[in-house]
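Please take a moment to turn the model around before reading on.

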Amino acid sequence: MLYKKASYKNTLLVLIFALMSLSCKENKEKVTSVVSSDQCVNKQKPNIVLLFIDDWGWSDIGYRNDTFHTPNLNQFKKESLEFKRGYIPTPTCSPSRASLLTGKESVRLEMSRHIPEEEHFINEEYNIWPKDPVQRPSRNYLPLEEVTYAEKLKELGYYNMFIGKWHLGEGKHYPEFQGFDKTFGTTDNGHPKSYYYPFFQSGDPKAFQKDYKEGDYLTDVLTDGAVDFIENYDNKQPFMLSFWYYSVHGPSVGRKDLLKKYQDAGLKGKYAHHAAMVEAMDESIGRIRKALKAKAIEDNTVVIVISDQGGAYSNAPLNGGKKGGNTLGEGGARVPFIISYPGLTKPNTESNIPVQSIDLFPTIIEIASGDNYKNKDIQGVSLMPILKEDKIEQRNIFFFRSYEDQYAAVIYDDWKLVKYHSGKFQLFNVAEDISEQNDLIGQGLDIETKLKNDILIWEKEAVPSF
């Protein structure tokens, strides 16, 4: 009799787990909220970690430039898919963040420049850049009515953690008002006064909720916060960790133990500091991936690494960069962009399809929901087909900023047209001419006519008039 009861009980348990498994399978592509079975949640909804680096140049990585020591990123590349032609639509601090969050070209949000830190701009809706030849107003905050990936993920049952640099408005425009559940290290500042404590001019003790001391290094402090979050996360919900680094933005202050190594290798001045900052950032990424592994969730966590714009130093072989009036050159607009989706992306693969940071919004939502995500209100498109070794529909990708004569660009396939307020145009085949040395404008090429017409139509539609 006891045997029969036990057998019946075991049979019932097997049947229950079989039904749960079947439910998971049937709903794999349809789940949009946290369900009661933890097994379903863990299987169908991967965690997402987005590591967004500031001013990290396309060439500032060990496998492209042996000046830099980046063993963790080198290894990550071997395990991941790299978008070799990943771009930022408005390569500068605040607009790059607005685009990433919303999936929209930031010019459509009326944000074509960074948000100044000057106190008199705090309560103003727009700012004017003194050297902007057309004196275009640019927003001082991301409007709260804009829908962020955090808000969409919350609808899908995710917990959203934000760490680091926000730079999309102060106070009432902070991350917690845009879908994030908790923040760490977020301040009003676009950059620290030093990467050594005290980090910020105002101190910002509330940002960290902990006392730090002389000798503490900002990148390490923020990484401690990220690792602590991963180690102690015990919610049933899947999570997205958005770690937006202040580094490697200036001031260039390398961690002292790393700095000496680069100085001994012959690097001079701020460039030695910059190389040390890149290595500290690489260490940070290694620590975060190690924490995911120790938590036994690395196989169910998508990791994305991308920069917000090109570097402030040499970006060779790319031309241009953060400074110097050629930010829409490849050195300013093209950035490192690597994704690992365990079980989907194949190790050590590359894509040469031109993509932009606005594409991460629909990609993240598709990862979280399991459904093909399309939204007519955004300009980004999901990169899931590329992650699955397929293609996306060929398209124009556009660029816009408002600081100097150079202000707009368009890329179609291998071709890039750059536009200036003064009437100047440039045309490059960036696949054959990665350094943009051979300007093909005025050679009678059909692609010149097409791209000039395309960018004119786009400007009329996308660029607000004041």
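**A walk through the model**

Glu 436 is found in the loop between S17 and H13, where helices (H or I, at least four residues) and strands (E, at least two) are DSSP runs, numbered from the N terminus. This is a predicted model, in which local features need pLDDT of at least 70 and side-chain atom pairs count only at pLDDT 80 or more, while totals for chains, interfaces and linings use all residues. Residues are numbered from 1 along each chain as its sequence is written, and side-chain values use heavy atoms, with hydrogens and water left out. Although Glu 436 is not a glycine, it has a positive phi of about 50°. With a relative accessible area of 6%, Glu 436 is buried; buried means under 20% relative accessible area, exposed over 50%, and partly exposed in between, using a 1.4 Å probe and protein chains only. Asn 348 also has a positive phi, near 50°, in a residue other than glycine, and it lies in the loop between strand S11 (337–340) and strand S12 (349–351). Asn 348 has 46% relative accessibility and so counts as partly exposed.

Now look at the strands on either side of this part of the chain. An open sheet of four strands has the order S14-S15-S16-S17, with antiparallel pairing, and two strands are said to pair if DSSP finds at least two bridges between them. Strand S14 (396–400) and strand S17 (425–429) stand at the edges with a single partner strand each, so one side of each is left without a neighbour in the sheet. On average, and with direction ignored, neighbouring strands of this sheet are turned by 15° against each other. S14 and S15 are joined by five bridges, with Phe 398 standing opposite Val 410 in S15, and a hairpin of five residues leads from S14 to S15. Six bridges join strand S15 (residues 406–412) to strand S16 (residues 415–420), and here Ala 408 stands opposite Lys 419 in S16. Helix H13 (residues 446–462) lies across S14, S15, S16 and S17, running at about 55° to S16. S14 is mostly covered, since four of its five residues are buried.

Another strand to find is S8 (residues 239–244), in which six of the six residues are buried, so it is largely enclosed by the rest of the structure. In a regular strand the side chains alternate between the two faces of the sheet. Accordingly, Phe 239, Leu 241 and Phe 243 point one way from S8, while Met 240, Ser 242 and Trp 244 point the other way. Strand S1 (residues 47–53) runs parallel to S8 and is joined to it by five bridges, with Ile 48 opposite Met 240. Strand S6 (residues 159–164) pairs with S8 in the parallel sense over six bridges, and Met 161 stands opposite Leu 241.

In helix H8 (residues 256–264), Leu 258, Leu 259 and Tyr 262 are buried. Seen down the axis of H8, these buried residues fall within an arc of 105° (taken from the directions from the helix axis to the C-beta atoms), so they line one face of the helix. On the other side of H8, Lys 256, Asp 257 and Asp 264 are exposed. The cover over the buried residues of H8 includes helix H9 (269–294), where contact means heavy atoms within 4.5 Å.

H9 also packs against other helices. Helix H3 (residues 71–78) meets H9 at an angle of about 55°, with their axes 7 Å apart; axes are lines fitted to C-alpha atoms, for helices over the stretch in contact, and angles run from 0 to 180 degrees between N-to-C directions. H3 and H9 are therefore oblique to each other, given that angles under 35 degrees count as roughly parallel, over 145 as roughly antiparallel, 65 to 115 as roughly perpendicular and the rest as oblique. The axes of helix H7 (residues 218–232) and H9 come within 9 Å and cross at roughly 10°, which makes H7 roughly parallel to H9.

Lastly, the largest nonpolar core has 54 residues, and those with the most contacts inside it are Leu 51, Trp 56, Phe 208, Phe 239 and Leu 241. Such a core is a set of buried Ala, Val, Leu, Ile, Met, Phe, Trp, Tyr and Cys residues joined through side-chain atoms within 4.5 Å. H9 gives the most to this core, with 11 residues.
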